[in-house]
Amino acid sequence: RTCYDHLAGVLGVMVTDRLLERRFIVGRDSYVVTTAGAGWLESLGVDVDGLRRARRVVARPCLDWTERRDHLAGGAGAAIASVMLERSWITRVEGTRAVRLTLRGREGLFRTLGLECGK
C-alpha cells in the first residue's frame, strides 16, 4: 500500500530495509541518502539534485502502522514509488491505497536491489 505518496506496508518496509542494508540510506531517527544511494536513485532516473533543492525533506523514517516498523518517506520515498508506478513495477488497486507488486516489479527489485519478493 501507499502512505500518502510513498510506499508503505510490507513492500515499503522491505525496500527500506534493503536500502539500509546496502547503506543507500543511513540513520535511525532520521535518514540521509548516501553517495551510493544517490547513485542508485539516479540509475532509476531520479533527479537527486532536484530532491535536495526542494523544500521537502529528502529522506525520513515513517512508522508503518501495520508493520510497526519504519518505511522511507520524504522526497526519496515519493520518487521511488513514482518510478515503480511509471515502470509498472506496482499497480494501484482502484479506490484504495493498496498496490500490487507485478512480475515486472519483482524482477526490477531483484535486479536493482537484490530484493527477492514472494509471489
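Let me begin at one pair of residues: Leu-63 stands opposite Asp-70 of strand β6. The model is a predicted one, in which local features need pLDDT of at least 70 and side-chain atom pairs count only at pLDDT 80 or more, while totals for chains, interfaces and linings use all residues. Residues are numbered from 1 along each chain as its sequence is written, and side-chain values use heavy atoms, with hydrogens and water left out.

Strand β5 (residues 60-63) and strand β6 (residues 70-73) run antiparallel and are joined by 4 bridges. Two strands are taken to pair if DSSP finds at least two bridges between them; strands (E, at least two residues) and helices (H or I, at least four) are DSSP runs, numbered from the N terminus. The hairpin of β5 and β6 has 6 residues between the strands, and Arg-68 takes a positive phi there, near 60°.

Buried here means under 20% relative accessible area, exposed over 50%, and partly exposed in between, with a 1.4 Å probe and protein chains only. After α5 comes Gly-114, with a positive phi near 65°.

Helix α4 (residues 74-86) contains Leu-85, which is partly exposed at a relative accessible area of 28%. Beyond its neighbours within four places in sequence, Leu-85 is in contact (heavy atoms within 4.5 Å) with Ile-90, Thr-91 and Arg-92.

How many cavities of 30 Å³ or more does the structure hold? There are 2 cavities of 30 Å³ or more. The largest cavity has about 60 Å³ of space, and α1 provides the largest share of its lining, 4 residues. By class, that lining of the largest cavity has 6 nonpolar, 3 polar and no charged residues. The second largest cavity has about 40 Å³ of space; α2 gives the most to its lining, with 3 residues. A cavity is a set of points on a 1 Å grid over the protein atoms alone where a 1.4 Å probe fits but cannot get out; lining residues have an atom within 4 Å of a point. Volume is the space filled by probe spheres set on the points, joined across faces, edges and corners. Ala, Val, Leu, Ile, Met, Phe, Trp, Tyr, Cys and Pro count as nonpolar, Asp, Glu, Lys and Arg as charged, the others as polar.

Technical notes
On a 1 Å grid over the protein atoms alone, a cavity is a set of points where a 1.4 Å probe fits but cannot get out, and a pocket is an open set with protein on both sides within 12 Å along at least five of seven lines; lining residues have an atom within 4 Å of a point.
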